[in-house]
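Please read the following account with the model open beside it, moving from helices to a pocket, then to aromatic rings and a few individual residues.

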Amino acid sequence: MYRQIPNTTTRISQDSRGVIQLPSGDEISSTTANIDHIKNRYGQQIYINTYPQYDPNVSYHGYDLSRDISEYQFGANNGHNQQNTTNRPVPAPRKTHSNYSSESELVKSKNGREQWSGRFDFFFSSLGYAVGFGAVWRFPYLCYRNGGGVFLIPYITLLFLLGIPLFYLEVNLGQFTSQGPVQCWRMAPIFKGLGISMSLMSFFLTVYYAMLLAYSILYLILSFRSKLEWTTCGSWASANCTDDFSTFVMRCNYENTYKDPNGRCYTWTDQGLTQIGWWDVQSRIQYRKPVLPTDDYFNNYILNKSPGMGFISTMEWPLVLCLLAAWVLVFICLCRGIKTSGKLRLYVVYFTAVFPYVILLILGIRGWTLPGMSRGIYFYMKPDLSRLADQRVWNDAANQIFFVLSVAYGGLITLSSYNKFTRSTLGNALVISITNVLTSIFAGFVIFAYLGYLSYMTGQEVQDVVSEGPGLAFIVYPYAVTTLPGAPFWSILFFFMLILLGLDSVFASVETIVVVITDQIHGLRRYNTLVILVVCIAMFALGLLLCTDAGIYWITFLDQFTGSYPAFVIGLLECICIAYIYGSNRFRADLIAMLGSKDYGVRLYRIFQICWLFITPMLIIALIIFTSINYPSLKLGRYNFPSWSYKLGWGLTGLILSGIVFYAIYAIIYLLLVKRNSWRALISPEQKWGPLLEQNRKKVSYYYGRQQGALVSLFDRLTKRTSSRDTLARSKSIDTSINEKEESISTTRPPSRIGSESAV
């Protein structure tokens, strides 16, 4: 908008035709030197365009002078017969010449930040980040552990009350600020430690995520054989390994057979009674519980699993090489920045978007035609409502929502920070969130069909067919491909699919950590490739612990303690900062400036506002309280983790949350003790808060002190905070001096464009 400087009527007037009479060029040029450093009452630079003298090739701090001139209202005809007092025609607007071919290049040049080069890059990058191992690997084993269908009730409920509101919050915050997980919290400096905790949580998550990627690479390599090794029991098999379920239970109703009360079947021979099988399933299971070949293959061959978490004796070198290959692949894809990775994703997007569903559909069709599959589907869909009283079901459901949507991990903020400022966010938030959950549910239908088949063949209950734990997907899916003709071919496709899903998730996590580092140390942006290399090497070195024979225990340990509490606390503080400190109404004004008042996200903002203010924080607080009262025990199959692992786990949780605590202490010391600021400096937006680019900052109005959060307003009312007379007098004197400077300039200047105070 244009702001009229006071007392301009002494030198600027209109003639009888309504044409504005401007001062001569000499008068204009005589005061140019006096206005370069004029600031408004908020200390912001006031930019006043020089007219008619301008150079169309000069940027003038990002302002296009020809565009500004074209927007002046000269007379009633608005552009026709526009003349000044010297009858010189106003030149037609011309484009400013620039060395940059696109807005994304401009961003990279001025601020060291990049933008997505295509309109679908963010969508598919964030979709791949969210729809990863969490949907295909983690969801089935959590659902299996928590009673099947009952798990879906809190899972879907928390999706709409917790997951989508936080997803929408992070995407808007990253896009509005074009900053990473640390700098985006400049709205309240005391909360900037949230970004550090997010990056720490992403760091430990990526360490074991890459190990799952290494498992998939190893399985992919082993699939290039004429016959899959895990089809039958081999030298690595245990005594309970069973690959022929046709003789697992016998009828024993033939001639010369005898049913023993202990459940065995005998036949009469010349040597006497000879056991030929079992007639009672329960007796058979009690004597020797059958184990799938894929179960023994994963635990005894791939992992060479030790007796417990503290028993580390060997390093599994095939896993080390596969982990190294995974990190080399990640580095190659990321070393040239987000544009390269975005284009790479875009080139294969139609393949990677459809390919996982095709493979899952093929496995599902085969599984849905097997006998007994209805047992598994029934277990998956019928809820045991009594399990809803178990707080672990709710804890695992909430933890899975955070995990599968990747909220509170910083990746969404990072990916959305590369968006164009005006891109709509509601559609992406809803489509990605719902697609992710539907993918998880669809993967559940596939895996539970095979569990039902195994239950039918062995006579066991569905929940007893295989051992629960993070390895469930690497037991059931490999078994599923053995039921298909041409099993090696389908095994290759399946594990290639897992690699693609895992890579997208690892990409975003590594980008998050790198962005946090380079946003804090701007000089490292020119060495971005080196920073990525150092991060990858550090994660690979820490991942070597997972390549030992006790690696699966450490994966379970990290999966339990890197999410859950840290994710809950970060999500809670996000809501508090936006809704109660910065102010949900102020954030709405920011979204209007970014998206426009007609955007559907702005129209539906009240729904998200209610969630951020009440529903989401209350749910998270309840989860934290009930989980703390009865913290679930950590188990892997029949193995109970030792007590020292809990102490180590709480130490890891404290390490992740230490970013919040230590940065808050630093902010208090620096702002209150060193800078001698008021306590309000801790929760007031910094001067640099807002959009990163100057052309976007001009769209936002900053009304400091207005529309503040509910907690700040409540505190002010309780303490009856009022401005002292000295403060009021000082502010009036400052305003008077500024107005005098503006009046001295206004006598020779046309109406000026105030860049930093444009209306929303």
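Helices (H or I, at least four residues) and strands (E, at least two) are taken here as DSSP runs, numbered from the N terminus. The model is a predicted one, in which local features need pLDDT of at least 70 and side-chain atom pairs count only at pLDDT 80 or more, while totals for chains, interfaces and linings use all residues. Residues are numbered from 1 along each chain as its sequence is written, and side-chain values use heavy atoms, with hydrogens and water left out.

With those conventions in place, the pocket can be described. A pocket is found on a 1 Å grid over the protein atoms alone, as an open set of points where a 1.4 Å probe fits, with protein on both sides within 12 Å along at least five of seven lines, and its lining residues have an atom within 4 Å of a point. The second largest pocket holds about 790 Å³ of space, where grid points are joined across faces, edges and corners and the volume is the space filled by probe spheres set on the points. Its lining is made of 32 residues, and D295, K305, S467, G637 and R638 are those that lie nearest the centre. Helix α9 (293-302) gives the largest share of this lining, five residues, and α5 (133-145), α20 (551-561) and the strand β7 (635-636) are also among the elements that each supply at least two. By residue type, the lining of the second largest pocket divides into 14 nonpolar, nine polar and nine charged residues, with Ala, Val, Leu, Ile, Met, Phe, Trp, Tyr, Cys and Pro counted as nonpolar, Asp, Glu, Lys and Arg as charged, and the others, Gly among them, as polar.

Helix α21 (residues 565-595) deserves a separate look. A straight helix of 31 residues would span 45 Å at 1.5 Å a residue, yet α21 spans only 34 Å between its end C-alpha atoms, the expected span being 1.5 Å times one less than the number of residues. The helix bends by about 95° at Y582, a bend being the angle between axes fitted to the seven residues ending at a position and the seven starting there. Of the 31 residues in α21, 25 are buried, where buried means under 20% relative accessible area, exposed over 50%, and partly exposed in between (1.4 Å probe, protein chains only). G596 follows α21 and has a positive phi, near 95°.

Helix α17 (residues 473-482) is likewise mostly covered, with nine of its ten residues buried; F474, Y477 and Y479 are among them. G469, in the loop between α16 (426-458) and α17, counts as buried at 7% relative accessibility. G469 and K635 are 166 residues apart in sequence, but their C-alpha atoms are 8.2 Å apart in space.

Rings of Phe, Tyr and Trp (its six-membered ring) pair if their centres lie within 6.5 Å, and planes under 30 degrees apart count as stacked, over 60 as edge-to-face and the rest as tilted. Searching the whole structure gives 46 aromatic pairs. In one of them, F139 and F151 have ring centres 5.9 Å apart and planes at 55°, so this pair is tilted. Because F139 lies in helix α5 and F151 in the loop between α5 and α6 (152-177), the pair ties together parts that are twelve residues apart in sequence. F139 counts as buried at 0% relative accessibility, and F151 counts as buried at 0% as well. The rings of Y666 and Y670, by contrast, have planes at 15° and centres 5.8 Å apart, so the pair is stacked. These two tyrosines are four residues apart in helix α24 (residues 643-674) and are therefore separated by about one helical turn. Y666 is partly exposed, at 44% relative accessible area, and Y670 is partly exposed at 34%. Ring pairs also link a cluster that includes Y215, W230, Y297, F474 and F495.

A664 lies in helix α24 as well and is buried, with a relative accessible area of 16%. The C-alpha atoms of A664 and L194 are separated by 9.6 Å, although the two residues are 470 apart along the chain.

Finally, two residues other than glycine are worth checking in the backbone. N304, in the loop between α9 and α10 (317-334), has a positive phi near 50° and counts as partly exposed at 36% relative accessibility. R676, in the loop between α24 and α25 (694-697), has a positive phi near 60° and counts as exposed at 70%.
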